[in-house]
Amino acid sequence: MSFRKVVRQSKFRHVFGQPVKNDQCYDDIRVSRVTWDSTFCAVNPKFVAVIIEASGGGAFMVLPLQKTGRIDKSYPTVCGHTGPVLDIDWCPHNDNVIASGSEDCTVMVWQIPENGLTLPLTEPVVVLEGHSKRVGIITWHPTARNVLLSAGCDNVVIVWNVGTTEELYRLEDLHPDLIYNVSWNRDGSLFCSACKDKSVRIIDPRRGQVVAEKEKAHEGARPMRAIFLADGKIFTTGFSRMSERQLALWDPENLEEPMALQELDSSNGALLPFYDPDTNVVYVCGKGDSSIRYFEITAEAPYIHFLNTFTSKEPQRGMGWMPKRGLDVNKCEIARFYKLHERKCEPIIMTVPRKSDLFQDDLYPDTAGPEATMEAEEWVAGKTAGPILISLREAYVPTKQRDLKVSRRSLLQDSRPAAAPSAGLSATHPSAMSQSAATPAISVSAASGVWTGLAPMPEQGVLWVGGLIGASLSSLAGLQGR
């Protein structure tokens, strides 16, 4: 008799989520009440940023990760916008730089001091003005330094060079209606967008063209999302005609039919997908839900495999997502969320239970590091490259962060070769990086991790030897007694 496999084998089947203890949460934060489907939270290995309620303008709070507990009402904020802040995003190549988009139609880029704020920050490093309506979407280019994309309610997408404060590309006629979200692919050569006209578009910003388009990706009228996966496929969340929430997987080569389509439930909160390219796991969080569902994407049908659900009592107002290099590899942590309540930010840790204390190679393949692959000039000139990968085997020690420097020189009108660095970007050129990278760095955290793992061994050895000595003494005493 042949037994059919009922349960699919997966190392992520037993992933479990666990909220941290109360004293490790960030309490007394007045989370923004703006009716915009943003995550309201952005996280990196140094800071957690949360959009908050602010009178007379827009503000967000930036807290060092270790500053947990009750946050004082007088704690300084980033408060340069004149309208509510709608979206924030940390620069992937500099952990001290964050961009924000607001209802005041501007995009601002901020430099956060190394140890966090001690005074309110009102002066941004860069103000980018080009949208005629509120700016609701901000996302940095994954591999090119200082390249930032913004999308506004004027249905315009603008790609900026933050280093020179100029518009690189202005995409005006590609979206006939409100843009719900934008997602770069792995190497930043394309991005996909979800629009209120129910279409998902794949766009090449350097050519200003729609490469592929799927009309009515989801039939429902409620907001949907689209994100690029590592292999170039597209994962979407949306609603059916009967207002049931759906997930779908699409092949850009053939957008006629989805590769997979699943219906979840009939709640009305927009589904926000978070994707881990190293493990091919998608985490889906619904606005107003109290759960996080996670799915594994594979190359074999049915492609989308439900893994499990993390459930809590309180609904989530927003959600932050920690990059892989900020996780604790010693605890087999594969994801960390920062769940926003009405007055609190609560970290939730996702771990894979393992008996061994050794580094788990299969859970932590090389991941995208914080070094940019190329300069903005090279990307404009047509260069395409994937992210520079780093190993998490040793606790990663990043190079010293550089301040964001701005030069007003126009990049597109410059007759010099595209790969030459500008004056404002010279400090961030790879040649300068290679010198700093060549300097050996001792990883204190890695060393402490090793010692922690080895600490019990000497004690056990002493006990064992002590046991032998005790046994030999007792045997000698016995012999003498005879």
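User: Buried means under 20% relative accessible area, exposed means over 50%, and partly exposed lies in between, with a 1.4 Å probe and protein chains only. Why does Cys 345 count as buried?

Analyst: The relative accessibility of Cys 345 is 1%, which is under 20%, so the residue counts as buried. The model is predicted, with local features requiring pLDDT of at least 70 and side-chain atom pairs pLDDT 80 or more, whereas totals for chains, interfaces and linings use all residues. Residues are numbered from 1 along each chain as its sequence is written, and side-chain values use heavy atoms, without hydrogens or water.

User: Why is Cys 79 called partly exposed?

Analyst: Its relative accessible area is 30%, so Cys 79 falls between the limits of 20% and 50%.

User: What makes a set of residues a nonpolar core, and which members of the largest one touch the most others?

Analyst: The members are buried Ala, Val, Leu, Ile, Met, Phe, Trp, Tyr and Cys residues, joined through side-chain atoms within 4.5 Å. In the largest core, which has 55 residues, those touching the most other members are Ile 29, Val 48, Phe 60, Ile 112 and Tyr 338. Strand E4 (residues 47-52) gives the largest share, six residues. There is also a second, separate core of 24 residues, including Leu 272, Tyr 283, Tyr 294 and Ile 348. In soluble globular proteins, nonpolar side chains tend to be buried together.

User: Which residues does Ile 29 touch?

Analyst: Contact is defined as heavy atoms within 4.5 Å. Not counting residues up to four places away in sequence, Ile 29 touches Val 50, Ile 52, Met 61, Leu 63, Ile 71, Glu 342, Arg 343, Lys 344 and Cys 345.

User: Why do strands E3 and E7 stand at the edges of their sheet?

Analyst: Strands are DSSP runs of at least two residues (E), as helices are of at least four (H or I), numbered from the N terminus, and two strands pair if DSSP finds at least two bridges between them. The open sheet has four strands in the order E3-E4-E5-E7, with antiparallel pairing. E3 (41-43) and E7 (78-81) each have a single partner strand, so one side of each lacks a neighbour in the sheet. From one strand to the next the twist averages 20 degrees, using lines fitted to C-alpha atoms as axes (for helices over the stretch in contact) and angles from 0 to 180 degrees between N-to-C directions.

User: How do you know that E4 and E5 pair?

Analyst: Six bridges join E4 and strand E5 (residues 58-64) in the antiparallel sense, and the definition asks for at least two. Within this pair, Ile 51 stands opposite Phe 60 in E5.

User: What makes E17 mostly covered?

Analyst: Five of its five residues are buried. Phe 191, Ser 193 and Cys 195 lie on one side, Cys 192 and Ala 194 on the other. E17 is joined to strand E16 (residues 179-184) by five bridges, antiparallel, and Trp 184 stands opposite Phe 191. E17 and E18 pair over four bridges, also in the antiparallel sense, with Ala 194 opposite Val 200.

User: Where is Lys 198, and why is this residue called partly exposed?

Analyst: Lys 198 lies in the loop between strand E17 (191-195) and strand E18 (200-204). Its relative accessible area of 23% lies between 20% and 50%, so Lys 198 is partly exposed. Lys 198 has a positive phi of about 75 degrees although it is not a glycine.
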